[in-house]
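The plan is to go through it spot by spot and jot down what turns up.

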Amino acid sequence: MKQSSPQNVCFSSSDRKECLNGEIALISKTIREKKDFILATHIQPDGDAIGSILGLGLFLKKMGKKVFVSWGQSSKSDEQNGKTNLIIPKQYSFLPGLELLSDPSECPKTTECFIALDCASFERLGNLKECSKKATFFINIDHHHDNSRFAHINYIDENSPATAEMVYQIIKQMEGEMDRDIATCLYLGLVTDTGRFQYSNTNKRAFQMVLSLLDYGVIPSEIFHNVYENVTSSYLRLLGRVLKNIKFVSEVAYAKVSQSDLISTGVEIEETENLINFLRSIGEAKVAAIIKETSDGKWKVSLRSKNKIDVSKVAGCFGGGGHRNAAGYSSEKNYGETIKLMLEALKDL
Ligand SMILES: [Mn+2]
């Protein structure tokens, strides 16, 4: 599926910037010319993933385009009509543009242009993989340094703080019409991926974008409230349970979230995205890890690190990926074995 064309392969860092401008121009041209689009992000989407697809989705809609927006994983099935639905993490359910989202099973058979956003590998498109192959144009917009460049046009910028910022660059280059709804989605992507402007990917570009989004009426305190001050008492009970059992081994703080923890507290796994930050906040911890049991009995390992420690290398060893300071993978081994292998791999960093 790797189909890089020579025009978007950059060999040296000196021509990198020019090359990226070329990619933005190519994407802008495609957006102007094509009429129907499929926008997709990675399975188990985070704030940047959802903010990016909705931000670009709303922008395309405003230009009068036909858009189908989704990610390759439906998990809620409606008993009455047998239909499946996407699960939208509760903390993002305030976002404008949610009406654009459809279940991946309804994906159109053909499209002029398929755009993957914030998706580091073809695999992460989940059950939208087949659908992407039928597109005449396949675009990949992402800031993960390990992106496998699986599309026809690959706009990959690892210096970008969030994929939402790359969407912002495209709209800016197109001199497109931004509005408060689009700006809110893009701000959400930026604020969540930079850890509220605290992680090492927080750079000048992040603040330049914020400055511009504020002009379109984005209200940071409102978004903060919706995303970070909107937990349920059940979530706090789960948090208590998890924190009570933190383990700390050679500068790695880790904790388990089992299916029985989730079931007995009544918390959905999608609500637990921020849990890991409590472990990360331990002064002596260089790496924080949360190991979550999914409903199919696998273990989802999330890793966070500080400074120069690159946890994406460890995630990569186990078939996952991510960024230097935030990465993850999935393990089919039992819990004990998963921990043993994880700690061994982290030792080598
Ligand atoms: Mn991202």
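Predicted model: local features only at pLDDT ≥ 70, side-chain atom pairs only at ≥ 80, totals over all residues.

**Entry 1: a loop residue to start**

I began with Arg-196, which comes out as partly exposed, at a relative accessible area of 41%. I found Arg-196 in the loop between helix 5 and helix 6. For background, most residues other than glycine have a negative phi.

**Entry 2: another positive phi**

I then turned to Ser-250, where phi is near 30°, again a positive value in a non-glycine residue. Ser-250 sits in the loop between strand 8 (247-249) and strand 9 (252-257). Is Ser-250 buried or exposed? I looked it up: its relative accessibility is 55%, and that counts as exposed, since the cut-off is over 50%.

**Entry 3: the metal**

Next I went to the manganese ion. Which residues coordinate it? I noted Asp-48 (OD), Asp-118 (OD), His-143 (NE2) and Asp-193 (OD), at 2.2 to 2.3 Å. Along the sequence, the spacing of these donor residues reads D-x69-D-x24-H-x49-D. Asp-48 belongs to helix 2 (residues 47-62) and Asp-193 to helix 5 (residues 180-193), so this pair ties together parts that lie 145 residues apart in sequence. I checked the burial of both, and Asp-48 and Asp-193 are each buried.

I followed the chain to Pro-161, in the loop between strand 7 (153-156) and helix 4. Pro-161 counts as buried, because its relative accessibility is 0%. What does Pro-161 contact, leaving aside neighbours within four places in sequence? I wrote down His-143, Leu-190, Asp-193, Thr-194, Asn-201, Asn-203, Arg-205 and Ala-206. His-143 and Asp-193 were already on my page as manganese donors. I also checked Pro-161 against Tyr-199: they are 38 residues apart in sequence, with 9.3 Å from C-alpha to C-alpha.

**Entry 4: helix 5 and helix 6**

The axes of helix 5 and helix 6 (residues 204-214) come within 10 Å and cross at roughly 155°. The two helices are therefore roughly antiparallel, as the angle is over 145 degrees. I logged their crossing as left-handed. On the helix 5 side I listed Ala-183, Leu-186, Tyr-187 and Leu-190, which meet Ala-206, Met-209, Val-210 and Leu-213 of helix 6. Sorting that contact by class gave me 8 nonpolar residues, no polar and no charged.

**Entry 5: helix 5 and helix 7**

Helix 5 also packs on helix 7 (residues 220-228), at an angle of about 60° and with the axes 11 Å apart. I put this pair down as oblique to each other. Helix 5 passes helix 7 in a right-handed crossing. From helix 5, Arg-180, Thr-184, Tyr-187, Leu-188, Val-191 and Thr-192 take part, and they meet Pro-220, Glu-222, Ile-223, Val-227 and Tyr-228 in helix 7. By class, I got 7 nonpolar, 2 polar and 2 charged residues here.

**Entry 6: helix 1 and helix 4**

How do helix 1 (residues 16-33) and helix 4 (residues 163-173) pack? Their angle is about 70°, and I have their axes 9 Å apart. That makes helix 1 roughly perpendicular to helix 4. The crossing of helix 1 past helix 4 is right-handed. I noted Asn-21, Ile-24, Ala-25, Ile-27, Ser-28 and Ile-31 from helix 1, meeting Gln-169, Ile-170 and Gln-173 from helix 4. This contact has 5 nonpolar and 4 polar residues, with no charged ones.

**Entry 7: two last stops**

I looked up Phe-137, in strand 6 (residues 137-142). Phe-137 is partly exposed, with a relative accessible area of 28%. Apart from neighbours within four places in sequence, Phe-137 contacts Thr-30, Lys-34, Glu-112, Cys-113, Phe-114, His-152 and Ile-153. I finished with Glu-344 in helix 12 (residues 335-347). Glu-344 counts as partly exposed, at 40% relative accessibility.

Terms used:
Residues numbered from 1 in each chain as written. Heavy atoms only, no water. Donors = N, O, S within 2.8 Å, 3.2 Å for Na, K, Ca; no water. Helix = DSSP H or I, 4+ residues; strand = E, 2+ residues; numbered from the N terminus. Buried < 20%, exposed > 50% of the residue type's maximum accessible area, 1.4 Å probe, protein only. Axes fitted to C-alpha atoms, helices over the stretch in contact; angles between N-to-C directions. Parallel < 35°, antiparallel > 145°, perpendicular 65-115°, else oblique. Left-handed = near helix turned anticlockwise from the far one by under 90°. Contact = heavy atoms within 4.5 Å. Nonpolar A, V, L, I, M, F, W, Y, C, P; charged D, E, K, R; others polar.
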